[in-house]
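Here are a few exercises to work through with the model open beside you. Try each one yourself before reading the solution.

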Amino acid sequence: MSATDVATRESLLTNFQSPAALQYRRVRQVRDAATRYVMAVGGISVIVAIVLIAFYLIYVVLPLFYPARVDKVREFAPPGGTGAASLYYAVEEQREIGLRITADGRAVFFRARDGSELVTRNLTAETTAQVVSFGAGDPAQYTFALGMSDGTAVIAKHHYSTSFVDEVRRITPDVIFPIGGAPQWIDPAHRALEKIAAQFDGDQLTVVAVTSELRLLLVNLSMEKTLFGETPEIKRTDTEIPIPGPVTHLALDVDQRELYFTDHDGFIYYYDISRKEEPRLIQRVTAVPDGVDITSLEFLSGGISLLVGDSRGEIAQWFPVRDQENNYTLDKIRSFRSQSSAIAVIRPEYYRKGFLAIDDDGTLGLYHATAGRTVKLVKIEAEGGGPMAIAPRADGMLIESGQGTLEVWDVRNRHPEVSWQSLWGKVWYESRQQPEFIWQSSSASSDFEPKFSLTPLAFGTLKAALYALLFAVPLAIMGAIYTAYFMSAGMRNIVKPSVEIMAALPSVILGFLAGLWFAPFLEKHLPSIFLLIVLLPAVVLGASWTWSRLPLHLRQRMPEGTEATLLVPIMILTLLVAVALSQPVEVMFFDGSMPLWLTRELGITFDQRNSLVVGIAIGFAVIPTIFSISEDAIFGVPKHLTTGSLALGATPWQTMVRVVLLTASPGIFSAVMIGLGRAVGETMIVVMATGNTAVMDLSIFQGFRALSANIAVEMPESEVGSTHYRVLFLAGLVLFIATFVFNTVAEVVRQRLRVKYSTL
Amino acid sequence: MQPTFKQWLASGSPFIWLNAGAVALSMIMVVGLLALIAVEGLGHFWPGNLADFSYTESDGASGRLLGEINDEEVVARAILPENDSRLDAAGPVIKRYLVKTGNRDLTGSDFRWVLMPAMSAMEYPVDAIAIERREWGNFYGYLDGVKGTEGVSSDSGDLWGRFQAEIEYANATSLEIRRIEKDLIGAINYKIERLRLDERRLEIEGTNDPDILAAIREQEKELQRQYDGLTARLPDLYAGLNRSVFLMRTADGAQVEMPIGKIVRAYRPNDMGFLRKAAFYVRKLWEFVSDEPREANTEGGIFPAIFGTVLMVMIMAVIVTPFGVIAALYLREYAKQGLLTRLIRIAVNNLAGVPSIVYGVFGLGFFVYFIGGSIDQLFFPEALPNPTFGTPGLIWASLTLALLTVPVVIVATEEGLARVPREIREGSLALGATKAETLWRTVLPMTASAIMTGMILAIARAAGEVAPLMLVGVVKLAPSLPLDMNFPFLHLERKFMHLGFHIYDVGFQSPNVEAARPLVYATSLLLVIIIVILNLTAIQIRNRLREKYRAAEQN
């Protein structure tokens, strides 16, 4: 210590008003205040960080429920001139370029930003006939067909090639003719094609057309790749389908296997054309009541569902449903009654199960089929329902208004597939036989209908929690009663920490043992578990009875409260006996294998990783929680209550049941709630010890898929910001809220109990 | 005095005994579980004897099998195929053995069940060899000869001794190859990548200073030269791995060529006494904790997983302790006690019960995509579109687990603060100390062990947590450790391996679960030991602390 330091110190101690002392005191004050602020800021920010979890989950989930928005951003005169009517509009993926097809056979590509023409292609350069009809193929295939007045058809695709010049994207539009620019003869008799529908998938082209003399013709060109030849051989099939009267709408599915058409009487004709030479009428159904006309017919993306718009403004979704005998019938699945005048145009989205509809009043409706949801209704000034286009990513539209202008609309409709019904209710999905709860978030095929029903997952979570608590609650509470009230103090000091260490066992280890050791073990020794349910209590009671018959001097050797030590060897022996007995029991009663017997005789499916295994494993994980909290509650019951009861002559057990348990019951209740919270959120055990199939079945021998496991398995693969991602967050939020509610109830009950104990 | 049945029932003792039974069963389950893990985990490394026996297949063909008998069970005759002539004489139950026959490349699987009635002429030949290979699992067979540079020889004196010497040479060579490929070339690649990023950054910033670019090119050239120098040494080393090939014979007489480069170690278990087996056991155990995994994690060691777990937990502790303590100090010492603090306490308590997977979801969305993505935009634009911090990694895992465990630290610290007697605080204040000084000099030191307890419990919880890590940074096989000799040494953005995830991955995602199972048990044992020790320490500290204050309160 230097001399000045000593001097300062002395002056501090002797003279409180010296400048040094004042200075020192000021520093201390500043330090104190600084600490106060650091603590406040630090403390509050930690608490905020914790609260942030809930808010962030909500922040991610909320966009699922935002209403859709549509805005008209600009309008301009239809590119290519108003001389000829518009047959069709389309937009390419980036929404930079639009396409208009006119009634005089031109394809006009224009810039979507300002309507300036880019390229115009004459589609009918090789013919002198007039365009009389137009049919668009599946939107994602970009194919369309023009029906001509001389019985020919022009088949074309619009096509966009992207190139990067100096890191700037350039999109070049073009029209290609997949089977050549020369028109194809559809009707050799040269009758005009008044209605046309076509699909082309690269290997196969099918054209269906109605000619002026009410003939329905089907032409199929399939390219059969020969084994050696470079040029594919084209095989043509011509068929005529008899029709009773005028056809109002034609629809051909993208796989070219089904044909639908409607007539003036409101019938839908459903044809199987998978064998092109022999089209087969499967069904004729009445789609609308008398006096109502079908005004539009369109496929939903994927080509399975049919959308039928009628003159009342109703849109109905139909698809073929397979019955027990593998026969298909066209069924009305659901209908949308949001619009009030005849549906003029329906346009499906490219990749989702959504669609747009415009009616004669100029109302535009945004719908989602799976969710059964009318996402948005908006009045647009397009009376008469001009042709329209929806952008491939469903983020924009082109609408030709009644005033002869082309309007560009922005659409923000990110998550139409989410509704209360689609998340929690039964939904009739495409190709299913009835409405069901299904979780299936992704699939390899592109025309996949995502199935976001959280019900089977929540069911799985609750099933796991139910079986876990069935196993854990009796064991934990009975154990707590004994440990807190009857056990000797010395033993209690060993037992309680041991059970608490059990709580620290990583669930991944429990899951691993449950899945790889216990599940196979149980499959081999299934009867032993049922034997144990009977044997263990019986053996314990037997031991108790025997003990009471033993001579007093023997009994007095054993200190009170140590029955459990006596029971350990007896119970281990019982366990071993049960396992050893399992084999003979199986041979005697179950033809050698109980799981096989269950399946054969009772028709119960037996999964190796089933709810029994999970129940026991999760039960194992929650026993310590329930045990520890209820033990505290029982142990905390004031001593004067119990001594009073005993003094009045009650036996210890009567005191336990009538006084202690009654007083401690809120504590035990909160222990069970906290245990429930832990069982609901358990992840690794569920991931590892169940098959993770989302079946809804209470069977103890089958697996399930829980919310938590589903998040763990699917989260890493889900695309940020997608509906799937947000629905998984929603699942997390559900778990959060559930456990938060359980824990809060438990905590409040516990705090009340504490107050009660202190007043007793 | 013996009670009648009625008296016995009325005394309530059967119910008390039932309750005792529940405790006994719980204890049996806990101890049984730990014993199961210990036995299965520790047994794995013991070299089992190799049995050579004749076996009749179901089609009547007969041959010899060589392998380690791992397990046995008794099955009902009824669940086995009906028309099996080998079982004609058997009773209603049949014993069968699980034999590890190895030679997966020849037979397609490592294990097979053999029926006891079809086995005969079992012996334990002294010269039966078990070989651990770099690929295809174990090989069991006999040593026939060597195909060296001087041609095939079968009786060159001490063939076994030569075999061992060659294996040692091959192992040394492999080690050298690994050092060059992984450490040296890895470091060069890392530097080249950094140069590429530097250049890209300059490009983004628009400062195309030719001098700097030239310097970068120069460095790149230098690194490339070093790289070429290193790779030039590799062909020779690789050739060394094939310099001699030993001829092996399987139990059924098939000849197999075994280049030394494919062998990790070879031993003759039937020839080893207890002591040599014990020494072998210790070596294997050491390899397990210190070596890198082989064969998609199913063989070799788990060092990277241990390292990753420890490092992640350490970073987490560094984050969680100060924040947890500050929050607790604020709640108990500074905040006005009232409804709000009570609500906060309930909330903090409840968060300890929120499922860990929810934290994982939060960590992925908030830390990884939101914060990490923003960091990438601001500081690492040169690497985009490849994410640097905008992808799961060590730091995000540590932060997520810190958030998960912060309630533990808060609760433990608060408990410690509550136990500090009021007189001590008041005494300090009365002597003129400010509140900060009182906290810092008297209260905190007295709370130190409570904080310690909280930290240990937090670490124990974090070490065993897997579900959130699956979302925020753990991978099955990390190419490099998050701590190495390349600047900045600690790579917080890297993905890492973790013991708990290792258990999940090897046990449930690996193609050869049966072969990997013992390794999973061993890993589980290690994890359980770590966690039980941590918990016991925390309990011990807490008990000592309570004693200390009980003493302080009485004085």
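**Exercise 1.** How many salt bridges are there between domain 1 of chain A and domain 2 of chain A? Work out, too, what else holds a place in that contact.

*Solution.* 
Step 1. Keep in mind that you're looking at a predicted model.

Step 2. Count the salt bridges, taking a Lys or Arg side-chain nitrogen within 4 Å of an Asp or Glu carboxyl oxygen. Between domain 1 and domain 2 of chain A you get three.

Step 3. Look at a salt bridge formed by A:Arg95: its side chain meets that of A:Asp410, with 2.8 Å from N to O.

Step 4. Ask which elements supply the domain 1 side. Strands 2 (86-91), 15 (247-252), 16 (258-263), 17 (267-272) and 18 (280-286) of chain A each give two or more residues to it. Strand 2 of chain A gives the most, with six residues. By class, that side of domain 1 splits into 20 nonpolar, eight polar and seven charged residues.

**Exercise 2.** Find what area is buried between domain 1 of chain A and domain 2 of chain A, and which residues of domain 1 lose the most.

*Solution.* 
Step 1. The contact draws 35 residues from domain 1 of chain A and 33 residues from domain 2 of chain A.

Step 2. Together, domain 1 and domain 2 of chain A bury about 2800 Å², with carbon and sulfur atoms giving 63%.

Step 3. On the domain 1 side, A:Tyr89, A:Glu93 and A:Arg95 lose the most area to domain 2 of chain A, and together they make up 23% of what that side buries.

**Exercise 3.** Now do the chain A and chain B contact: which element gives the largest share of chain A's side?

*Solution.* 
Step 1. Start with the residues: 101 from chain A and 98 from chain B take part. The two chains bury about 8800 Å² between them, 79% of it on carbon and sulfur atoms.

Step 2. Count the charged pairs: chain A and chain B share two salt bridges. In one that you can pick out, B:Glu437 pairs with A:Arg28, and the closest N and O atoms are 2.8 Å apart.

Step 3. Helix 2 (residues 19-61) of chain A gives the largest share of the chain A side, 19 residues. That side has 67 nonpolar, 22 polar and 12 charged residues.

**Exercise 4.** Why does the salt bridge of A:Asp174 and A:Arg121 tie together parts that are apart in sequence?

*Solution.* 
Step 1. Check the pair: the closest N and O atoms of A:Asp174 and A:Arg121 are 2.8 Å apart.

Step 2. Place each partner. A:Asp174 is in strand 9 (residues 168-176) of chain A and A:Arg121 in strand 5 (residues 117-122) of chain A, so the pair links parts 53 residues apart in sequence.

**Exercise 5.** Where in chain A is confidence lowest, and where is it highest?

*Solution.* 
Step 1. Chain A has a mean pLDDT of 86, and 96% of its residues reach 70 or more.

Step 2. Helix 1 (residues 3-14) of chain A is lowest, at a mean of 60, while helix 4 (residues 455-486) of chain A is highest, at 93.

Key: Residues numbered from 1 in each chain as written. Chains lettered and ligands numbered in written order. Predicted model: local features only at pLDDT ≥ 70, side-chain atom pairs only at ≥ 80, totals over all residues. Heavy atoms only, no water. Contact = heavy atoms within 4.5 Å. Buried area = accessible area lost by both parts, 1.4 Å probe. Helix = DSSP H or I, 4+ residues; strand = E, 2+ residues; numbered from the N terminus. Nonpolar A, V, L, I, M, F, W, Y, C, P; charged D, E, K, R; others polar. pLDDT = per-residue confidence, 0-100.
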